[in-house]
Amino acid sequence: MKKIDITLLGTTCLLVIIGLLAIYSSASSQYLFRQLIFLSIGITSLLIACFTPRRLIYGMAEIFYGLTLLLLILVLIFGSGPGAHRWFAIRIFNFQPSELAKISTVIILAKYLSYRRKMDFDFKTLAGPTAIIIPVVTLILLEPDLSTSISFLPMYAALLYWQGLRPLYILLLFIPVLSFIAGFSLYFWIPFFTIISIIVFLRLRFFQALAAIATSSFFGLLSPVFLSLLKDYQRARIKSFFAPWLDPHGMGWNIIQSQIAIGSGRIFGKGYLNGSQKRLGFLPNRHTDFIFSCIAEEFGLIGSIILLVIFGLLIYRLLLIAYKTRDQNGALITIGFAAIIGYHVFVNIGMLLGILPVTGITLPLISYGGSSLVVTMTMIGFALNVAMNSE
Amino acid sequence: MKDRLKRLCFILTTLLLILGARLIQLQIVQGKRYARLSDRNRIRKIVVPAPRGRIFDRNGILLADTRPTWTIAIIPTETNDSALALLSILLNRPQNELLRRLQPVSEVPAPIDILRNVSFDVIAKIEENNFRLPGVIVRVDHIRNYPFRNLYSHVIGYVGEITEEELSRDSSYRLLDYIGKTGIEVCYERFLRGRDGYKYVEVDARGREIGPLTEKRPEPYLPGKDIYLTIDHNLQQTAYNLISKYERAAVVAIAINTGEILCLVSFPDFDPNIFLAPLDPLQWNALISNKSKPFYNRAISSAYPPGSTFKPLVALLALEKHLITPHTQLLPCNGIFQYGNRKFKCWSAHGRLNLIGAIEQSCNVFFYQLGTKIKVDTLAEFCHKFGLGKYTNIDIPGENAGNIPDHDFLDRRYGKNKWTQGFMLNYCIGQGEVLVTALQLTQLYSCFANGGFYFRPYLVAKIESAGRTILINKPQRFEVEINQTNLNWIKNALTRVVEYGTGQAAQLQEITIAGKTGTAQNPPNPDHAWFVGYAPADNPEIAIAVIIENAGHGGAVAAPIVGELVRYYFTKRTLP
């Protein structure tokens, strides 16, 4: 009856070990030591998440959510971070409420959605979950931490989808947000607007489609207005998010060096501890956001593909747990976590490979850093919990 | 439920495949390129400058070599404004000059040379302030050294920092490279320069050297080739000592049988070492405002009227054209020769003279009379045969061809038919528009001495590379068809000049010298003193020309110098 999901636990352990090896190679034994401390905290929270009775979690969802909102407000007032208010500096490590928010938001959304048997595209169905997610995303956006706030969107979409909302409706729901983001840059907005228009005119009735287009245009036009209200440096930051290549010595330098590291690894890599890009300091943040570049440099295409396969297996396992369990709430929690982890993996590696904009996002279980490791392991813990009680 | 799982798995797989495809693109398709970029990142190619070839005299005495020095470089990405400000004070150079050197900054952090040949005192100060000078690097370098300083400034010339114009002509040089500017240094630049070597070191992202690179072998430099000059250092030094007491003077001596230049001195001169360090403005201003023009090579660039040293050539022409015989006696000299309504002066009243006597006593009246008989083009053509009015093609730059007037020249200068035979009277005593260089006169007299042939004068005997001779200058011979009997009369006369005539001051007991004095008028300034001769008179080896500007009579001033040089050359005896 109570059986641990060996595949999920196994892939997790494998990724953690790879992470430790990579941190040792890219930073120093000092960082490795600190990561081991975080790991012990992570293991503890994994075990807690795994063995806490589900009913307790279910019952605590609102309190947990409320606490998260409070912390997110407090961090805006008391928090620190580079040009932002992102974390509380607590002695040896920085605590990021936005990381915690990922867990609590998933739990309360799962609770709310699991009441509903049927999902429709109407105000009654969607007002609730949207009302839950908006304050969290807004508070994180105010920090400002654009990339973390965006990470809530695929999670939200995945939950709605799993609960039965048609993909077309999910798209319609996201039109305001996506239009607003795309509106920051004309190069994004024109293709986005074209594709949306084609889809809605093909799939919806004429007046519905017209309404969708109108909404899209409105929010799309809102962003230039919003941009004009910002200060120069804030505008520059948003611009550089969409076009990092405009800044070759800042963000551009990082991404160029990251691609050189990955590309020069070629098929077999330069060998463990032998990455010259990494060793000689050409890679910035090499033990945190850029750690995949180090792995790809030292282990080459073979190592990188193996890492991708392990991540694929981990996420697939999460999806499978959600599919197998009869407990709707548990399934939704697992799907939400799968979406968050998947988003991190794809966006982090995608940015290092130069196919996505550069954002400060970690590679789950691999990157150096307490918050990310502990939160991801807690998610895995919840998923293991769901898996154990699925039959 | 199953569809949804399938669809999510499909999305997952698609996303992973996108990443995988991009990985394949970066690591396989473009892997080679990125590997190269990665190497370019971490491997710094460091230039190991080749030492410039050495320059020796004919006996192997070192005249130019290299000595160790220091060069200051900056890693632009490592340094900061306060370091640059401090450095500009320590180096005593304006800060914007240092900044200009750092443009354009390359993407890869690498040191850029900003100042070469920095003195030890400055280096000591920089090392003291090391901690306040991030990104400032001191490296050992080598630089040209001229141990005899001024002595060879007009022969060897000097090297200096490359100009932008020179750089645009030859891209194989780098900014701050030293390049030959004058003399042997510029003419033999391609031999002296050598080829720079490279070593490879591994550097980190901040441009700091980590250590040598084992997988890439250094390319050793090829030192510049050694040049052996035809110059005899001791003779050069002797000549220098003899003329440097005058304000402006020059000496040229050549080996008659080869054309080798044994000494070439021009005074005043300059110390070529000053061009290696940043120029001291005071020193520089003193040099360029000096009225005697120390950069001017009086031995080859300055064309003077030859004065009476020209007379033997006119006499030879007269004999060759059968205008006179050696025994012809023209009108006696009473100090003045009337031609038309003009009176031409002689420096004395010589009475009745034949050709020998006229040369011996340097009688103008005799040559005025020849001037009435010789056509200007005949003279010009004859002079050209001996190389006068033409470049000798000596192997250093700045040569003057001199001037031998002919019909065309006079037409151009005075207008058609606006000149008369009267001009020839002046030309025949080596005055007027007849202009020659000291080098040309040594060539002319070596031709007399040889009996009708001379060699192109040259300064480089051979070039050696790693003990192997790669180039030997072959003497280039020019023949002049002359009746030997006529020439012998002239040679005879030249010997008598020193024995009994105006050149007695050149006389030596042990060696017979043949030669001719000259006193070139240079109104309104005092006359230039000439003496040109060769020795030994019966079996000549060396021809020497001496010009002392504004020093008066050649017989009194220039002749003894030639005497001393000949004495020195044949006896190796230092001056009393």
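Trainee: Which residue in strand 21 of chain B does Ala529(B) stand opposite?

Mentor: Keep in mind that this is a predicted model. Strand 20 (residues 525-535) of chain B pairs with strand 21 (residues 542-548) in the antiparallel sense, over 7 bridges. Across that pairing, the residue opposite Ala529(B) is Ile548(B).

Trainee: And on the other side, which residue in strand 20 of chain B stands opposite Gly518(B)?

Mentor: Here you want strand 19 (residues 514-522) of chain B, which runs antiparallel to strand 20 and is joined to it by 8 bridges. The two strands form a hairpin with 2 residues between them. Opposite Gly518(B) you'll find Trp530(B).

Trainee: Is strand 20 of chain B largely enclosed or open, and how many of its 11 residues are buried?

Mentor: Buried here means under 20% relative accessible area. Strand 20 of chain B is largely enclosed by the rest of the structure, because the count of buried residues among its 11 is 8.

Trainee: What is omega for the peptide bond joining Ala535(B) and Pro536(B)?

Mentor: Most peptide bonds are trans. This one is cis, and Pro536(B) is in the loop between strand 20 and strand 21 of chain B. Its omega is about -15°.

Trainee: Lys293(B) has a positive phi; what is its relative accessible area?

Mentor: Lys293(B) isn't a glycine, yet its phi is near 50°. You'll find Lys293(B) in the loop between helix 10 and helix 11 (311-320) of chain B. Lys293(B) is exposed, with a relative accessible area of 52%.

Definitions and conventions:
Residues numbered from 1 in each chain as written. Chains lettered and ligands numbered in written order. Predicted model: local features only at pLDDT ≥ 70, side-chain atom pairs only at ≥ 80, totals over all residues. Heavy atoms only, no water. Buried < 20%, exposed > 50% of the residue type's maximum accessible area, 1.4 Å probe, protein only. Helix = DSSP H or I, 4+ residues; strand = E, 2+ residues; numbered from the N terminus. Pairing = 2+ DSSP bridges.
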